[in-house]
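The sequence and structure are shown first.

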Amino acid sequence: MRVRRVVGKQGAMTAFIILLLAISVLSLTLSQSVSADQGQPAYAPNRSLSPTDLPSAPSPADRVVVRLFTEEELGQLADGVTYDFWTFNGTVPGPMIRLRLNQTVEMHIINPPNSTMTHSIDSHAILGTGGGGAVSQTPPGQESIFQFKALRVGLFMYHCATPDIPSHIANGMYGMILVEPPGGLPKVDKEFYIAQGEFYTTGPFGQKGFQGFDFQKADAETPDYVVFNGRVGSMTGNRTLQVNVGDTVRIFFLNAGPNLDSSLHIIGGMLDRVYLEGSLLSPPLLNVQTTLVPAGGSVMVEFTAEVASTLTIVDHSLFRIHHGALGYIKVNGPANPALFSSIKNATITQSLNTSTTATEVTTNSSSSVSNATTVYIVNFAYSPADITVPVGATVTWVNQDSVGHTVTEGDPNSPKAANARAFDSSGEALTGKVALIGAGQSWSYTFNAPGTYEYYCIVHPYMIGHITVGSASGSNTTQGNGGLTNFSITLGGNEIVGLSAVGIVILVGLMLVFARPRRNQSS
Ligand SMILES: [Cu+2]
């Protein structure tokens, strides 16, 4: 109805002007987006091969057929950043080809008709001219087939070998051939397939929109992106790799380059066994922190996930984390304080301000004697640290810290055996393990025997508290704060700046005072 409404002459002119304005704004927007995106849409599929996407074992057949499609595909280099990848089978890296020694492979290189250039394959696993490159040059719309025998055990790169070869590698054409020894590799719980590679883009790291390949930057070996599996964030967020405490983990790692070496390191972890440079028949190096993987090289690393934590995979040329070289492995499982736990974390945060809580504690528990009393665990101390309760009282410890604690009867300097403790929140006597009162959790105990008890935290043994259990139910509750309760410092930004300024003034003053006599002495 409204569409067909009649408008006056003036109204028509106004509408016409608005239409012209709308068209000009629209065309301006379009031309801007075209110049920024070079005609490419901002959205593209994810081309990153998941590190979990690999065959679990070689085929038992003596002769296997492998088909690789050399696809040029738009994909995501990072969130909001698109790139025209050149790929094997549409992903970076290309699929892992898992073989066993002496298997014969019939290799098909299929270049789809919509490709813009010739592609091919050269594998470091292949003994033959150009690693297959000489017989696999395949123009768009064609297929090449050749065969090879896997004559050496190891972890090998494959890549496109069509000139300009480094450009084909830099655009994503690489993957791995694993040739397993007779009998195969030992079984592990988790295997991951990770390939590091550089990307050289027209815009700087993080610039949104479509990014073209910058040959000059590639030639100068100055990448904008250094990434695992073809994109920023291939192993972060919801793509974080998941393992469990106790899992044996194996990583097949390729450094595709094409230019940079990689210093593979796992922050918070250990490379228990390093099969250097992908040499699977050599004895591994044991307990390695960082292993160097040359461009065009590989490494197989294995480790046992011991501690529930998040491990960070990096190239320890660490500024590359600013270029995307960052991934996570989440080790899921119960915390084991005996292996790793915080004793004191001196980070200055809002939550360390205990003044409010301390006031509440004093108000709440000094008002009357009750059969239930509360001790707060705040800032690595029990508050109040000394209490007196009647027989039959139930005391509740509320953990307001950000880490776990225990309430364990005894003297931390001469701790009792687990089964000799009058009370113990850790449950060690029953389970043999130390369970913590987690952040935000609480634990209660009812005191039926009169006496004076000392208690402490097993994982933070400087935390000490006392409970006096009186015989008379009408006795007064006395309160006291533990010595460690009030040591917290809470500084706002202005206070820090102020303190720094005062510190600088004092420092400069001291320098002036001490500098003068020295000059006199030397002259
Ligand atoms: Cu190619």
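## Terms and basis of the model

Buried means under 20% relative accessible area, exposed means over 50%, and partly exposed lies in between, with a 1.4 Å probe and protein chains only. By this scale Glu 221 is partly exposed, because its relative accessibility is 43%.

This is a predicted model, in which local features need pLDDT of at least 70 and side-chain atom pairs count only at pLDDT 80 or more, while totals for chains, interfaces and linings use all residues. Residues are numbered from 1 along each chain as its sequence is written, and side-chain values use heavy atoms, with hydrogens and water left out.

## Nonpolar cores

A nonpolar core is a set of buried Ala, Val, Leu, Ile, Met, Phe, Trp, Tyr and Cys residues joined through side-chain atoms within 4.5 Å. The largest such core comprises 28 residues, and Tyr 174, Phe 199 and Phe 252 have the most contacts inside it. Two or more residues come from each of strand 1 (63-78), strand 2 (81-88), strand 7 (154-159), strand 8 (174-180), strand 9 (190-199), strand 11 (225-228) and strand 13 (248-257). Helices (H or I, at least four residues) and strands (E, at least two) are DSSP runs, numbered from the N terminus.

Another core, of 26 residues, lies apart from the largest one; Val 243, Val 288, Phe 303 and Val 331 are among its members. In soluble globular proteins, nonpolar side chains tend to be buried together.

Ser 298 belongs to strand 18 (residues 297-304) and is buried, because its relative accessibility is 3%.

With residues up to four places away in sequence left out, Ser 298 touches Leu 155, Met 176, Phe 253, Leu 254, Glu 277, Gly 278 and Val 293. Contact here means heavy atoms within 4.5 Å.

## Aromatic pairs

Rings of Phe, Tyr and Trp (its six-membered ring) pair if their centres lie within 6.5 Å; planes under 30 degrees apart count as stacked, over 60 as edge-to-face and the rest as tilted. This rule gives 20 aromatic pairs. In one of them, Phe 228 and Phe 253 have ring centres 6.2 Å apart and planes at 70°, so the arrangement is edge-to-face. The pair joins distant parts of the chain, with Phe 228 in strand 11 and Phe 253 in strand 13, 25 residues apart. Phe 228 is buried at a relative accessible area of 1%, and Phe 253 is buried at 0%.

Trp 397 and Tyr 455 are also edge-to-face, because their ring centres are 5.4 Å apart and their planes stand at 80°. Trp 397 lies in strand 24 (residues 393-399) and Tyr 455 in strand 27 (residues 451-456), so this pair ties together parts that are 58 residues apart in sequence. Both Trp 397 and Tyr 455 are buried.

## Backbone geometry

Two cis peptide bonds may be described in turn. The bond from Pro 163 to Asp 164 is cis, with omega near -5°, and Asp 164 lies in the loop between strand 7 and helix 2 (165-170). The bond from Ser 383 to Pro 384 is cis, with omega near 0°; Pro 384 sits in the loop between strand 22 (381-383) and strand 23 (386-390).

Positive phi values occur at Glu 221, near 60°, and at Glu 277, near 55°; neither residue is glycine. Glu 221 lies in the loop between helix 3 (215-219) and strand 11. Glu 277 is located in the loop between strand 15 (271-275) and strand 16 (285-288), and is exposed, with a relative accessible area of 52%.

## Strand pairing around strand 27

Two strands pair if DSSP finds at least two bridges between them. Strand 27 pairs in the antiparallel sense with strand 25 (residues 408-409) over two bridges, and Glu 409 stands opposite Tyr 455. Strand 27 also pairs with strand 28 (residues 464-470), in the antiparallel sense over six bridges. Here Gly 451 has Val 469 in strand 28 as its bridge partner.
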